[in-house]
Amino acid sequence: MVVLGIDIGGSGIKGAPVDLATGAFTSDRVRIETPQPADVPSVVKTVAAVAGSFEAAQSIGITFPAVVQHGVTKTAANVDQSWVDAPAEQLFSEALGRPVTVLNDADAAGVAELEFGAGRGVPGLVVMVTFGTGIGTALFIDGTLVPNTEFGHLQMSGLHLHGGDAEDYASDRIREQENLGWPEFAERVQTYLRHLHALLWPDLIIVGGGVSKKAEKWLHLVDVPTRVVPAALQNNAGIAGAALLAARNAGVA
């Protein structure tokens with residue numbers, strides 16, 4: 001049985017078939033640049049191209065960088081505004097010729113980390129934070145997902161360093177745009193995570209997204225009053241989590 005995960009990001013759309021026992025990919029990942037503008041028809045077409053790179057899948061999960069409620073994308077912070085209130089599950093199902101599961105990208109990454117990675121077996125409150133084009137978050141209480149948290153949009157104005165969304169202060173996109181060194185980036189992440197910790201008091205924070213692949217360069221500089229660890233699946237967590245949830249929804253996992 002082929003179960004496919006596809007991760008839609010602000011810069012790339014990537015996918016791979018996933019082994020549901022381990023979270024590992026069963027073939028090489030395929031990545032296509034996110035179309036600009038990332039409007040509905042362009043993204044649907046690109047997702048179809050990624051899916052078409054693999055053997056026909058019995059189950060397909062798709063992540064999206066937005067709040068997703070009942071298969072409808074409700075926000076569009078890092079994609080085209082045409083996605084606001086778009087019937088995403090219906091659109092992708094029609095394009096791919098089979099039912100799909102669409103969910104928030106950070107939620108998918110968190111599901112994978114709790115099933116296969118750094119959050120496996122951890123009780124209490126766990127937060128997954130992905131640093132990429134924006135900042136995504138996923139919240140779990142004793143392993144149960146609280147979907148569509150948007151803590152990447154916490155307002156930082158009270159911290160005197162920055163006013164506005166946290167993701168416009170400490171995302172990987174901002175690190176690249178402002179050419180921040182790793183120590184300066186770590187300081188910003190620390191400021192953000194301390195703010196998040198003060199609101200939630202989590203037992204564990206898992207850091208994912210593209211920068212998790214380089215965690216040894218900066219994460220040791222981040223001091224937060226709880227345990228902070230890199231994602232075990234790194235930037236592949238979204239694909240694995242999307243595939244797992246799609247298989248569960250289809251009753252095959």
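This is a predicted model: local features need pLDDT of at least 70, side-chain atom pairs count only at pLDDT 80 or more; totals for chains, interfaces and linings use all residues.
1. Asp168 pairs with Arg173 in a salt bridge, and their closest N and O atoms are 3.0 Å apart.

2. The salt-bridge count comes to nine. Asp172 and Arg175 form one of them, at 2.6 Å from N to O. Both residues sit in helix 5 (residues 172-177). They are three residues apart, about one turn of the helix. Asp172 and Arg175 are both buried.

3. Glu178 and Arg188 also meet in a salt bridge, with an N to O distance of 2.9 Å. This pair links distant parts of the chain, 10 residues apart. Glu178 lies in the loop between helix 5 and helix 6 (182-200), while Arg188 belongs to helix 6. Glu178 counts as partly exposed because its relative accessibility is 41%. Arg188, at 13%, falls under the 20% cut-off and so counts as buried.

4. Asp172 and Arg175 are also part of a network. Salt bridges with shared partners join Asp172, Arg175 and Glu176.

5. Now the helix packing. Helix 1 (residues 40-51) packs on helix 2 (residues 88-96) at about 45°, and the axes are 10 Å apart. Helix 1 is therefore oblique to helix 2. The crossing is right-handed.

6. Which residues of helix 1 and helix 2 make the contact? Helix 1 contributes Val40, Val43, Val44, Val47, Ala48 and Ala51. Helix 2 contributes Leu91, Phe92, Ala95 and Leu96. By class, this contact has 10 nonpolar residues, no polar and no charged ones.

Key. Residues are numbered from 1 along each chain as its sequence is written. Side-chain values use heavy atoms; hydrogens and water are left out. Axes are lines fitted to C-alpha atoms, for helices over the stretch in contact, and angles run from 0 to 180 degrees between N-to-C directions. Helices (H or I, at least four residues) and strands (E, at least two) are DSSP runs, numbered from the N terminus. Angles under 35 degrees count as roughly parallel, over 145 as roughly antiparallel, 65 to 115 as roughly perpendicular and the rest as oblique. A crossing is left-handed if the near helix is turned anticlockwise from the far one by less than a right angle, and right-handed if clockwise. Contact means heavy atoms within 4.5 Å. Ala, Val, Leu, Ile, Met, Phe, Trp, Tyr, Cys and Pro count as nonpolar, Asp, Glu, Lys and Arg as charged, and the others, Gly among them, as polar. A salt bridge is a side-chain nitrogen of Lys or Arg within 4 Å of a carboxyl oxygen of Asp or Glu. Buried means under 20% relative accessible area, exposed over 50%, partly exposed in between (1.4 Å probe, protein chains only).
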